[in-house]
Amino acid sequence: MRLSLALLACAGCSTYIQHRAALVPHATPVQALGQPAAWKGNATLGATNIADAVAPGVGDNPNAGVAIPSSQLRGALNLAVTRNLTIGIFSERGLASTAHPIKDTLPPLDDRGVGGVGYSASYSIPTGSPWRIGLALEMTMWRVPWVEYSQCIDFCTTPTVTVSKGTTDVGQIGFGIVPSYQFGDWTFFGGLTGRTHPLIEEKVINNGEWPDVEEGPMNAIVSGGAAYEAGERVQFVLQAHQVLTQDPVAYGPSIGFSVVIGLGPRYPKVDPPPPAPVMYVPVGATPAGPGALPPPVTLDAHSQAVELTQQARTQAQAGECDDVKAIDARVRALDPEYHATVFMRDALIAYCVAP
């Protein structure tokens, strides 16, 4: 019944053939290193994509009407909620001057770039070694410019071709897993990202509807790179990536580059010194004048102190300093010598406990 009413309502409607194109964002991996925060905050400037080894081309959707910028700039501000959890805001801009139409039949686009703003969150999972597993999420709202050539082919009042231009706001989600390894000032990382790819159909026949840019299919992106800390406040990041899927665009290898500026207090490096040797007092020993041995510590109390120290190290690595301070008092009471020679010589624990 509804279909019949729609057909009756559209009886005598004009029919148009429309030829469209849109400048959509380049497919890129999530921007995370997988390691815990080096500073309480940071500012990042660079390009999620600075060059393509091969120009993007037609993928699995032959009717995709998109152009891709080879230069896509990004600026971000990030805050470490804890040492392992970071949230941020960012802005990206794909330059129209570097756009590659994926095929020659697309109508020409103008000089409007594609821009987006978004939010990010990442978490670094400790493994008890220099290896870390990072989880990252990005949500972006893009403003995508498009152009449309429209010509009436049925029930026409005028046969002329009309040209329309506009923008469409389209959401995009990206999530990734980023294993990484830290070695001194160097961080080596890789990862797998899933990210939606905005899309517009190049040629359609309809009753004159306004063009619509869709969120598009999910793309899989593999990436790898290295980051280097140059001094106390600057880090350089170089990343290469390859889109594994080809819907709607077939990509070749690409690279990105960014500079990270540390803001606020710096977290300590995760390189605690080796424990100092510990001398134990036999059960029953008692002080005997100047230079005498300290009060005896039972093996059970010492074992508890060792176990609590391991727990404190894990809590400190996660940035839970209040819990570390509570453990500090217990270790001090159980084994004062172990507390002074081992517990307080751990760099991460000392960072939490020291005034």
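Student: Where does P130 lie?

Tutor: P130 sits in the loop that joins strand 8 and strand 9. Strands here are DSSP runs of E with at least two residues, helices are runs of H or I with at least four, and both are numbered from the N terminus. This is a predicted model, in which local features need pLDDT of at least 70, side-chain atom pairs need 80 or more, and totals for chains, interfaces and linings use all residues. Numbering starts at 1 along each chain as its sequence is written, and side-chain values use heavy atoms, without hydrogens or water.

Student: Why is P130 called partly exposed?

Tutor: Its relative accessible area is 39%. Buried means under 20%, exposed means over 50%, and partly exposed is in between (1.4 Å probe, protein chains only). P130 at 39% is therefore partly exposed.

Student: Which residues does P130 touch, leaving aside its neighbours within four places in sequence?

Tutor: P130 is in contact with Q35, S180, Y181 and Q182, where contact means heavy atoms within 4.5 Å. For Q182, the C-alpha atom is 5.4 Å from that of P130, although the two are 52 residues apart along the chain.

Student: What about T98: buried or exposed, and how do you know?

Tutor: T98 has a relative accessible area of 18%, so it counts as buried. This residue is in the loop between strand 6 (85-94) and strand 7 (99-101). Beyond residues up to four places away in sequence, T98 touches I68, P69, S70 and S71.

Student: What makes the T98 side chain and S71 a polar contact?

Tutor: The T98 side chain comes to 3.1 Å from the backbone nitrogen of S71. A polar contact needs N or O atoms within 3.5 Å, with one able to donate a hydrogen and the other to accept it (residues adjacent in sequence count only if both atoms are side-chain atoms). The 3.1 Å distance falls within that limit.

Student: How do you know that R195 and E138 form a salt bridge?

Tutor: The N to O distance between their side chains is 2.9 Å. The rule asks for a side-chain nitrogen of Lys or Arg within 4 Å of a carboxyl oxygen of Asp or Glu, so this pair qualifies. It links distant parts of the chain, with R195 in strand 11 and E138 in strand 9, 57 residues apart. R195 is buried at 3%, and E138 is buried at 1%.

Student: Where do D328 and R332 lie, and what is their salt-bridge distance?

Tutor: Both residues are in helix 3 (residues 321-334), four residues apart, about one turn of the helix. D328 is buried at 9%, whereas R332 is partly exposed at 45%.

Student: How many aromatic pairs are there?

Tutor: There are five. Rings of Phe, Tyr and Trp (its six-membered ring) pair if their centres lie within 6.5 Å; planes under 30 degrees apart count as stacked, over 60 as edge-to-face, and the rest as tilted. In one of the pairs, W186 and Y228 have ring centres 4.8 Å apart and planes at 45°, so this pair is tilted. W186 belongs to strand 11 (residues 186-196) and Y228 to strand 13 (residues 218-229), so the pair ties together parts 42 residues apart in sequence.

Student: And why is the pair of F236 and F257 called stacked?

Tutor: The planes of F236 and F257 are at 15° and the ring centres are 6.5 Å apart, so the pair is stacked. F236 lies in strand 14 (residues 234-243) and F257 in strand 16, 21 residues apart. F236 is partly exposed at 35%, and F257 is partly exposed at 34%.

Student: Which residues make the nonpolar surface patch?

Tutor: L77, I89, Y119, L137, M139, I173, F175, M218, I261 and L263 make a patch of about 910 Å². Strand 9 (131-154), strand 10 (161-183) and strand 16 (254-266) each give two or more residues. Patch residues have over 30% relative accessible area and no salt bridge; like charges are joined within 9 Å, and nonpolar side chains (Val, Leu, Ile, Met, Phe, Trp, Tyr) within 5 Å. Areas come from the Shrake-Rupley method with a 1.4 Å probe, and for residues only the protein chains shown count as cover.
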